Amino acid sequence: MAGPALAAEGLDGSGLSFLWAVPFCGLLLCIATGPVLFPHFWEHNYGKIAAFWAVLTVLPLVLSKGAGIALAAVLHTILLEYVSFIILLFALFTVAGGILVTGNLRGTPLVNTGLLGIGTVLASIVGTTGASMILIRPIIRANDDRRTNVHVVIFFIFLVSNIGGSLTPLGDPPLFLGFLRGVDFFWTTTHMFGEMLFLVIALLVLFYIWDSILHGKEDKLPPMKDKTPDRPIKLFGTANFALLGAIIVAILVSASWKPGITVKFPGGEMELQNIARDIALVIIALVSLKITPKQVRAGNEFSWGPILEVAKLFAGIFICMIPVLAMLKAGKAGAFGPLVALVTNPDGTPNNVAYFWATGILSSFLDNAPTYLVFFELAGGDPKALMGPMALTLTAISCGAVFMGANSYIGNAPNFMVYAIAKDMGVKMPSFFGYMVWSGAILIPLFIAVTFLFFR
């Protein structure tokens, strides 16, 4: 996740047309329509479909730019961004999946709101992935006797899988990348707190009112069979909390330890501290698998399906993003020149409203970590300046990347994990576009309010 800012390292995006974005758009369209239009085929072939679009990206690169540039761009993406990205998710998914919360609470509006609040706070401590994996099953079990429970998972994605990760670099990958580039650890805590608090309060109040109305209607109907009757809450796999702490330590050490040793490869170089961090994260995950009793993971309905789906689809997404990010890197000289021009006022000062929305809109469909870095670089790339006189600009970029990752299933990796787990547990989750109807109706008005309250 560290290293040069752009996946398209060495690839000049100024001469690329919008046609280079076709594979990326094609993959997104398949992700959006596959589970709805051809669910059985999609379930058994989504990895092959992602590979197909990745090949349609790489092959034209080889033919038009040469094997050297194509190899450098792909290796840069895989070794410096995707591998670290998926290893961190794998570690958090594995360790958090070894923490079992047994028993069951009744999913009343107050209990649901409380669980969402706890998860929101937890997300900045153990990351959006860790918090999502720990709490998504308990909150689904608490509501499995409800006729309407989709909204619970939707708000869970909004708050726990995205907005809750705003306060530390451990919360969300974009902020972690900013930390590695020199942004102080607690800078996000102080500069994003107001925006996050506004959104969290607004969403929790809205959820409580909405859930209360639905719960009141359900009380008038015959009760449904409760698949998981109420039982006292118990916690198992507590050793994994220490392993979550070890993950945090590994990340912090990799940011502070600078031995100056690198391993070069076509397209970039891997720094020793980052290699050591990734190895440590894999070891931590393996330790979790070793020490966690099998019955704990069985009780948690733990399976590799969600992380495998994320790994395969995001491998395709990262590769298909290569030319898209190269065009963004080209600035005004690239195909996205008009978009890039929006972030600068006529007098040369940054347009913070545009930074918030441009970063956010792209983070809704591109992975929010590389998108954050694109706009970090467009704003000058100097962490001291961005934390000082340009602090509002960096805040706008950070908020756009973290908050608007909630706009689609692929804006942030935990979104898709939660979707996959909820679907496996019997929740009738909306399609790709169906989810965007929810996010558009609920989140976009709140983001407009954030714009006027904080960035005007």
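Reply: The largest cavity has a volume of about 160 Å³. This is a predicted model, where local features need pLDDT of at least 70, side-chain atom pairs count only at pLDDT 80 or more, and totals for chains, interfaces and linings use all residues. Residues are numbered from 1 along each chain as its sequence is written, and side-chain values use heavy atoms, with hydrogens and water left out.

A cavity here is a set of points, on a 1 Å grid over the protein atoms alone, where a 1.4 Å probe fits but cannot get out; lining residues have an atom within 4 Å of a point. Grid points are joined across faces, edges and corners, and the volume is the space filled by probe spheres set on the points. Searching the whole structure this way gives 4 cavities of 30 Å³ or more.

The lining of the largest cavity has 17 residues, and Leu88, Leu92, Val126, Gly127 and Leu170 lie nearest the centre. Helix 3, helix 4 (109-142), helix 6 (173-180) and helix 9 (239-256) each give two or more residues to this lining. Helices (H or I, at least four residues) and strands (E, at least two) are DSSP runs, numbered from the N terminus. By class, the lining holds 12 nonpolar, 4 polar and 1 charged residues; Ala, Val, Leu, Ile, Met, Phe, Trp, Tyr, Cys and Pro count as nonpolar, Asp, Glu, Lys and Arg as charged, and the others, Gly among them, as polar.

Let's stay with helix 4 for a moment. Gly130 lies in this helix and is buried, at 0% relative accessibility. Buried means under 20% relative accessible area, exposed over 50%, and partly exposed in between (1.4 Å probe, protein chains only). From Gly130 to Val95 is 7.9 Å, C-alpha to C-alpha, although they are 35 residues apart in sequence.

Rings of Phe, Tyr and Trp (its six-membered ring) pair if their centres lie within 6.5 Å; planes under 30 degrees apart count as stacked, over 60 as edge-to-face and the rest as tilted. That rule gives 28 aromatic pairs. One of them is Phe90 with Trp304, which is stacked, at 5.9 Å centre to centre and 25° between the planes. Phe90 belongs to helix 3 (residues 67-96) and Trp304 to the loop between helix 11 (294-299) and helix 12 (305-329), so the pair ties together parts 214 residues apart in sequence. Phe90 is partly exposed at 23% relative accessible area, and Trp304 is also partly exposed, at 35%.

Elsewhere, one aromatic cluster includes Phe155, Trp210, Tyr409 and Trp438. A ring can also have a charge over it: the charged end of Arg297 sits over the ring of Phe302, 4.7 Å from its centre. This label needs NZ of Lys or CZ of Arg within 6 Å of the ring centre and within 35 degrees of the ring normal.

Glu43, in helix 2 (residues 39-65), is exposed at 55%, and its C-alpha is 9.4 Å from that of Glu309, 266 residues away along the chain. Val205, in helix 8 (residues 193-219), is partly exposed at 46%; 8.4 Å separates its C-alpha from that of Thr113, 92 residues away along the chain.

Note on methods
On a 1 Å grid over the protein atoms alone, a cavity is a set of points where a 1.4 Å probe fits but cannot get out, and a pocket is an open set with protein on both sides within 12 Å along at least five of seven lines; lining residues have an atom within 4 Å of a point.
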